[in-house]
Structures are given as C-alpha cells and as structure tokens.
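Open the structure in a viewer and keep the selection panel at hand. The tour below goes from one selection to the next.

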Amino acid sequence: KQEVTQIPAALSVPEGENLVLNCSFTDSAIYNLQWFRQDPGKGLTSLLLIQSSQREQTSGRLNASLDKSSGRSTLYIAASQPGDSATYLCAVNTGAGSYQLTFGKGTKLSVIP
Amino acid sequence: GAVVSQHPSWVICKSGTSVKIECRSLDFQATTMFWYRQFPKQSLMLMATSNEGSKATYEQGVEKDKFLINHASLTLSTLTVTSAHPEDSSFYICSASAGWNQPQHFGDGTRLSIL
C-alpha cells in the first residue's frame, strides 16, 4: 500500500527566504505526482503536476522535482511571501487506468513578514 | 484554469437529516469525480470514485448506503449523506479530472456539522 510522508509537518520562515518542502513515497511505481496548496477551511489548489517521466516542473517562484527511483519529491519556493502561508500537500497517482491520489499529511508553512 | 464549484460550503443540521452536496465542473468535462473526507489536521482520505454514467467505486470502510454518490453528467456529481449523525461531521471535498493522467481540480469543500 502506497504511503506518502511529508517532512517537516510545519515550517516557519522569514519573508524573502527560499525554502524546500519534502515529500517521500514508498512505492516508486507512480504515474504522476501533484503538489497542492490548501488554505484554512478551503479546498485544494493544484500547483504543479509532474509526470513519472519528468524530473521537474516550474511555475513562477515554484519548482517541483521528482526522483521516482528514490521515492522523493521536493517543492522549492523562491523568495517566500506572507501570501505563501498555507498547508502544502503532496499526492501521488499510482493507479494504472485509475486516477486515485494518495495524499501526505501536508506541511504547514508560515511566512513571517 | 479549470474550475470546480462545490455547494454548499457549510451545512449545520440535526441528527437524522440527509444532506446533499453538489460538485460541478464549470469549464471542462469531468470524466471522473472524486469525493474525499478530511478530519482536522489530517490529510484527505478518498471515499469514492465516480465515473459518469456508472456506479461509484467506494474505498474500503466507506458505507455505500450511507454515502450515496450520483454522477449523472460530465459536469455534476452529488454526494448524499443519509441519516447523518454527529460522527459524520467533517470536511468533505470533491475533485474532478478531465481524463487519465490529468490533474485533479478541487472544489472549496463543504463543512458538515451534525448536531
């Protein structure tokens, strides 16, 4: 059974710092990996999707990498801003012909002005 | 970008009431929709997967007679919590996907509180 772990559970950084969030998964046979942002009491906003054949994806100040063989992904946030404060969730899709995602518990990020 | 609308955003009702939650994809056709449940400080737990025009597939431990899912069109899925009890209080989130290996797009969730 696929398990997804995110470390750290919480992170607090001063504004302007670059930071890295980590995600690991136990079964490397994945089809894609997705990073989401969740604001308190809200649903999820998709940030980046990395297909299993890709090594990284970039969107603005965000860069996500994927090392499928070692079961790891990182989300790099450059020049953090208070508006980046949220919980970041990593999810992997391991279902052939299926779309099911297995989620980690998330990293709660606080960017201090 | 892809937009998923979930309604209502907040429901408070008495024990024994049935509650219906709607999930709509506004600007794309969703081949598959998903229903998740999230407890405080926990991650999302998949409850069921529904494909348009067919019966939903429920995850182990999820009562299909309690959580009725209907996916009658490519833009609408509904979750009905039947005879809700306080232990059903939770945050329910839907998502929709346009196809295989496509991103899931999430609604804003429904906070369900059963008194």
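Select Phe106(B), a buried residue with a relative accessible area of 7%. The model you are looking at is predicted.

Across all chains, the count of aromatic pairs comes to seven. Phe103(A) and Phe106(B) make up one such pair, in an edge-to-face arrangement, with 6.0 Å from centre to centre and 80° between the planes. This pair runs between chains: Phe103(A) sits in strand 10 (residues 101-103) of chain A, and Phe106(B) in strand 10 of chain B.

Now select Phe34(B) and Tyr36(B). Their ring centres are 6.5 Å apart and their planes stand at 35°, so this pair is tilted. Both Phe34(B) and Tyr36(B) are buried.

**On to the pocket**

Keep Phe106(B) selected and turn to the second largest pocket, where Phe106(B) is among the lining residues nearest the centre, along with Leu44(A), Thr45(A), Ser46(A) and Ala2(B). The lining has 15 residues, and the pocket holds about 200 Å³ of space.

Which strands supply at least two residues each to this lining? Select strand 5 (44-51) of chain A and strand 10 (104-106) of chain B. Coloured by type, the lining residues show five nonpolar, six polar and four charged.

Key. Residues numbered from 1 in each chain as written. Chains lettered and ligands numbered in written order. Predicted model: local features only at pLDDT ≥ 70, side-chain atom pairs only at ≥ 80, totals over all residues. Heavy atoms only, no water. 1 Å grid on protein atoms, 1.4 Å probe; cavity = no way out; pocket = protein on both sides within 12 Å on 5 of 7 lines; lining within 4 Å. Points joined across faces, edges and corners; volume = space filled by probe spheres on them. Helix = DSSP H or I, 4+ residues; strand = E, 2+ residues; numbered from the N terminus. Nonpolar A, V, L, I, M, F, W, Y, C, P; charged D, E, K, R; others polar. Phe/Tyr/Trp six-rings, centres within 6.5 Å; stacked < 30°, edge-to-face > 60°. Buried < 20%, exposed > 50% of the residue type's maximum accessible area, 1.4 Å probe, protein only.
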